[in-house]
Amino acid sequence: MITASLLKKYNQPIPRYTSYPTVPNWKEKISTEDWAACFSKQFTVNNSKEGISLYIHLPFCESLCTYCGCNKKITTNHSVEENYMDALVKEWELYLQLMPEKPVIRELHLGGGTPTFFSPENLQKLLETILGQAVIHPDHQFSFEAHPNNTTHAHLLTLYNLGFRRLSLGVQDNDPVVQFTINRIQPFKNVVEVTEWAREIGYTSVNFDLIYGLPKQTPESMERTLTQCIELKPDRVAFYSYAHVPWTSRGQRLFDENDLPPAEMKMQLYRLGKFIFSANGYNDIGMDHFALRNDELFKARQEGRLHRNFMGYTTQATALLLGLGVSSISDAGNGYAQNNKTIGEYYQSINAGKLDITKGYFLSDEDLSFKRYILDISCKGATRFNAKDLDSLRLFSFPQLEGLAEDGLISWDESALTVTPLGHHFIRNICAAFDLYLLKNKTAIQLPTYSKAI
Ligand SMILES: C[S@@+](CC[C@H](N)C(=O)[O-])C[C@H]1O[C@@H](n2cnc3c(N)ncnc32)[C@H](O)[C@@H]1O
Ligand code: SF4
């Protein structure tokens, strides 16, 4: 049983493991040439076999939601769309030069910011240009993040016609007091309307993003939000812990910290959410995600096909993810690279005909092993250890596993580990037992780099 004392014990600042090593352990600057070589090599190995994944970051939003931790640029001036699309196409062309054959697109995700800030016509123009120079894999999966306040029927139809079948609707919270405090006035009828349109058009998976721990949330307001949402039967729910990182997301300084639910209440909100989801047929996929039994994510989890990358959980396991746009991250399996975080720097590099790479990391053999352990645990709930890693495992990971096993979260021996049904609710903590960077520098855990697990 998930007891309050277990939640309290495991509620520590821990990464979400969308990469390993995690971003704070990357090099501040990597060489663009080294990244280009790493990218090309992985492309050559994987493109014809399984295709590649593409992430496009569309950073603009019309107004600032003060809780937001994403890389965004607030503007109501829509003339910014043209310049940004030009830069994205130039960046794509720079990458095409590194590809000896046409890319096969298996997975495409539009994230932000707010992708639906762009007009349907502009999204169509952008995507036709990019996809026009690629082959679309027959088993592709295209998805986008949709803001309920500005996603129109035309957006949904245009993207559907381009092959999109899944959207993530940013619901966050329905309570008017919470919405006022986070500067996101979003009538629930907008959520209902977009959900209904999407289903009428033929989208097969509607995901809702919800957050617990927002200012002014109470168990009563949370219960109302969740009950309203569940009536619409989203196929998946991402139930995120509000990440309070005002040192990087300055908007979070715009509300009173005293309005944040205290730690005990935040845990109560989390338990309430878990209870409501499981009582309504939603299965815990791990790391904040819940899905109905007929959703692809649940089926992939059951069949051991789940994968995790910067886009979160995915059912298409490609070994190469290319991120285009400001702040985007690419993952070549054995190397990561991130673009600059400001639009000015991004334009400067791209318009000078150069990739915009700044931070990144090339993985050692040991990194690759421990990355696999973390991916196995978060996607399959089990992993097997390599004999060559035993020295590091004995020194750093196994002592952590003893405590996790005592609490009933895992069963393990020196050859393998299995997550128990209870442990499933603490996946982030179990992964952390294989994060050598965190374990070698235990003091880092005290620093406010990561948000808390709950
Ligand atoms: C880029 S936003 C979604 C798209 C669109 N801009 C919107 O707001 O609907 C991606 C998701 O990140 C989540 N998110 C943003 N800031 C967060 C924070 N500080 N803590 C937890 N989740 C956060 C929200 O649930 C949000 O829907
Ligand atoms: S939550 Fe979405 S709309 Fe709000 S500021 Fe962040 S990215 Fe923009």
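Mentor: Ser-327 sits in the loop that runs from β13 (321-324) to β14 (329-331). Helices here are DSSP runs of H or I with at least four residues, strands are runs of E with at least two, and both are numbered from the N terminus. This is a predicted model, in which local features need pLDDT of at least 70 and side-chain atom pairs count only at pLDDT 80 or more, while totals for chains, interfaces and linings use all residues. Residues are numbered from 1 along each chain as its sequence is written, chains are lettered from A and ligands numbered from 1 in the order in which they are written, and side-chain values use heavy atoms, with hydrogens and water left out.

Ser-327 has a relative accessibility of 10%, so it counts as buried. The cut-offs, for a 1.4 Å probe and protein chains only, are under 20% relative accessible area for buried, over 50% for exposed, and partly exposed in between. Apart from residues up to four places away in sequence, Ser-327 touches His-57, Asn-71, Gln-338, Asn-339, Asn-340 and Lys-341; contact means heavy atoms within 4.5 Å.

Next comes helix α11 (residues 343-351), where Ile-343, Tyr-346, Tyr-347, Ser-349 and Ile-350 are buried. An α-helix has 3.6 residues a turn, so residues three or four places apart point the same way. The buried residues of α11 pack against β2 (60-61), β3 (73-74), α3 and β15 (335-339). Just after the helix, Gly-353 has a positive phi of about 80°.

Strand β2 contains Phe-60. Phe-60 is buried because its relative accessibility is 2%. With neighbours within four places in sequence set aside, its contacts are Lys-73, Thr-75, Val-80, Tyr-84, Gly-113, Thr-114, Phe-117, Phe-118 and Ile-343. Phe-60 and Glu-231, by contrast, have C-alpha atoms 31 Å apart in space and are 171 residues apart in sequence.

Two of the contacts of Phe-60, Gly-113 and Thr-114, also belong to the shell of ligand 2, along with Cys-61, Ser-63, Cys-65, Tyr-67, Cys-68, His-147 and Arg-184. A residue is placed in that shell if one of its heavy atoms lies within 4 Å of the ligand. By class, the shell has four nonpolar, four polar and one charged residues. In this scheme Ala, Val, Leu, Ile, Met, Phe, Trp, Tyr, Cys and Pro are nonpolar, Asp, Glu, Lys and Arg are charged, and the others, Gly among them, are polar.

Gly-113 has a further feature: the peptide bond joining Gly-112 to Gly-113 is cis, with omega about 25°. Gly-113 lies in the loop between β4 (104-112) and α4. Another cis peptide bond joins Tyr-20 and Pro-21, with omega about -5°, and Pro-21 is in the loop between α1 (4-10) and α2 (32-50). That loop also holds Tyr-17, whose phi is positive, about 50°, although it is not a glycine. Tyr-17 is buried because its relative accessibility is 4%.

Helix α4 (residues 120-132) packs on helix α3 (residues 80-96) at an angle of about 10°, with the axes 10 Å apart. That makes α3 roughly parallel to α4. Axes are lines fitted to C-alpha atoms, for helices over the stretch in contact, and angles run from 0 to 180 degrees between N-to-C directions. Angles under 35 degrees count as roughly parallel, over 145 as roughly antiparallel, 65 to 115 as roughly perpendicular, and the rest as oblique. On α3 the contact is made by Glu-81, Glu-82, Met-85, Leu-88, Val-89 and Trp-92, and on α4 by Asn-122, Lys-125, Leu-126, Thr-129 and Ile-130. Sorted by class, the contact of α3 with α4 has six nonpolar, two polar and three charged residues.

Last, the cysteines. The structure holds zero disulfides, a disulfide being a pair of cysteine sulfur atoms within 2.5 Å. Cys-379 is in none, and the nearest cysteine sulfur, that of Cys-431, is 8.6 Å away. For Cys-431 that distance to the sulfur of Cys-379 is too far for a bond. Cys-379 counts as buried at 2% relative accessibility, and Cys-431 is buried at 0%.
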